[in-house]
Amino acid sequence: MSSVLDAVREATTVVVSALPCAEQIAQLSDPEVTALMAELGALSRKVAATSSLAATDIDRRSARELGAAGLAQSNGLRNGPEFVQKLTGSSIAEAKRLVRTGGLLETAESLAPAVDAGPGPRDLAALAALAGEWEAPIAVAVRNEWLSADQGEALRSGLGSPRSAALADAWRHAALALIGEAWASEWTAEDLARAAGRLRANLDAAAADADARARFEARSLKRRQLRSGNWKWDLELDPETDAALWGPLSRRLSPRLGGPRFRTEEEIARAAELEQDPRTNEQLLVDEFAGIFVAGVAAESATGAFGKAAPHVSIVVTTDELRKAKEAAPGGAAGVAWVGGGQPVSAMAALRSICTGTFTPVLFDESGAAIDVGKDQRLFTAKQRRAMTVRDGGCRWPGCTRPPGECEAHHDNPWGESLLNRKTETRDGILLCKFHHLTVHNHGARISRQGSVYFLRWPGRAPVPLSSKSGVMTRLGGPMRSEHARLNGKVSTDG
């Protein structure tokens with residue numbers, strides 16, 4: 001087997017000698033540096049795959065039952081991941097990820113051995129036909145480089161393990177649906193993790209309810225004094241509390257945080273004032289939070305501290321989930337609602353929040369019919385923006401994580417192209433953050449709509465579907481709606 005090590009050492013020498021320095025890279029043209037990055041990415045994925053297999057083998061040779069004779073133990077480490085960390089210089093989290101990914105690749109090899117000709121083009125049908133556990137399609141997709149290792153890990157951890165064997169088929173179909181979505185919309189690992197979490201909440205209401213309770217129980221506030229005399233606050237919040245606190249703060253600092261620019265004259269003046277403010281965003285957040293908190297404590301009634309438009313947070317729930325919450329027995333699954341259309345929470349918690357007036361309810365029926373407000377004006381109204389927030393869940397640009405409060409409403413029907421475009425309706429707008437909104441206008445891209453599906457179109461390229469980041473739309477709309485309906489009719493979530 002020394003020939004394997006000799007070959008790797010020889011290849012390393014060749015590759016290292018071929019790698020350009022910073023000066024050489026700076027002399028490349030835009031197409032050349034783009035191609036270089038793509039080639040290095042492909043090389044990195046190949047090396048990472050082999051590193052994962054080696055990490056998994058080290059972990060196996062360091063099994064606890066081997067005791068002091070284990071590979072890691074004989075080198076002074078407690079377990080395989082710690083030894084991998086030492087050998088690679090990575091974090092312990094990265095070492096554990098390498099071990100998990102290697103196990104995934106071994107699973108793929110046992111299910112569908114690799115061929116010398118390479119993995120071939122992406123084939124969702126081939127993944128669907130695989131035998132084995134629910135995660136088999138993920139394993140083979142990663143091995144075939146149809147997903148990156150990070151994407152595979154994000155998908156598997158985002159979905160989590162099904163609570164019972166009865167849910168395994170639902171999990172497999174969910175994995176396949178998400179893989180197809182990732183290919184079509186060019187999702188990053190982070191996109192996949194968020195989408196998997198949203199879909200998991202839809203597939204297993206009991207687990208979603210348990211997750212929501214666990215997040216609520218994990219809330220904490222710690223305060224300690226630093227040597228400087230300042231106080232350090234460490235705050236962990238559940239999604240509902242975070243939305244209630246962050247909404248006013250982000251509205252107050254919206255121009256500095258990348259929020260909408262096209263507002264009232266008063267808000268434009270406020271934006272100009274913020275741009276000239278010498279404080280950092282972090283300092284401004286502290287000052288605004290303290291000011292809002294003190295004003296709230298001192299006030300016996302509404303103070304108008306937030307201007308004419310009070311901060312707004314929606315809590316979204318369907319008629320069916322609302323019925324489940326009303327009929328749920330104590331301790332039972334009470335359905336799912338969504339804070340701002342994105343983060344799943346218990347529908348029972350939604351009922352409480354709606355009752356107390358903490359949030360404004362947005363109710364959908366199970367058909368997922370679009371919310372629309374047609375007006376003969378070009379600027380989107382607050383009601384239209386609210387509907388777009390629920391529908392889009394944030395900037396729809398692939399890979400972007402900007403929340404709705406930091407987005408602008410882009411018209412997909414340019415004003416100057418036709419008199420028919422003078423109306424402003426919700427369906428003619430899409431949420432984009434400031435950066436990607438400017439990208440569309442400044443770099444020749446277009447947003448188009450076919451029915452309820454939006455596409456990013458670059459000249460000379462295939463259109464890219466722009467997926468909603470909204471958790472509630474995972475159920476009510478989009479390519480996975482029919483899949484959810486199929487699973488919801490066949491699979492019990494009672495465990």
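Buried means under 20% relative accessible area, exposed over 50%, and partly exposed in between, with a 1.4 Å probe and protein chains only. The model on display is predicted: local features require pLDDT of at least 70, side-chain atom pairs count only at pLDDT 80 or more, and totals for chains, interfaces and linings use all residues. Residues are numbered from 1 along each chain as its sequence is written, and side-chain values use heavy atoms, with hydrogens and water left out.

**Helix 5.** Select residues 80-88, which form helix 5. Its buried residues are Gly80, Pro81, Glu82, Phe83 and Val84. The cover over these buried residues includes helix 3, helix 4 (71-74) and helix 6 (92-111). At the start of helix 5, display Asn79: a side-chain oxygen of this residue lies within 3.0 Å of the backbone nitrogen of Glu82. Beyond helix 5 comes Gly89, with a positive phi near 75°.

**Helix 3 against helix 5.** Axes are lines fitted to C-alpha atoms, for helices over the stretch in contact, and angles run from 0 to 180 degrees between N-to-C directions. The two helices, helix 3 and helix 5, are therefore oblique to each other (under 35 degrees is roughly parallel, over 145 roughly antiparallel, 65 to 115 roughly perpendicular, and the rest oblique). Ala55, Ile58 and Asp59 of helix 3 make the contact (heavy atoms within 4.5 Å) with Gly80, Pro81, Phe83, Val84 and Leu87 of helix 5.

**Helix 6 and Thr101.** Next, select Thr101, which is placed in helix 6. Thr101 counts as buried because its relative accessibility is 3%. Apart from neighbours within four places in sequence, Thr101 is in contact with Ser52 and Ala149.

**Helix 6 against helix 8.** Finally, bring in residues 136-143, helix 8, which packs against helix 6 at an angle of about 95°, the axes being 8 Å apart. Helix 6 is thus roughly perpendicular to helix 8. To display the contact, select Leu104, Leu105, Thr107, Ala108, Glu109 and Leu111 of helix 6, together with Ala136, Ile138, Ala139, Val140, Val142 and Arg143 of helix 8.

Conventions: Helices (H or I, at least four residues) and strands (E, at least two) are DSSP runs, numbered from the N terminus. A polar contact is a pair of N or O atoms within 3.5 Å; within protein, one must be able to donate a hydrogen and the other to accept it, and residues adjacent in sequence count only if both atoms are side-chain atoms.
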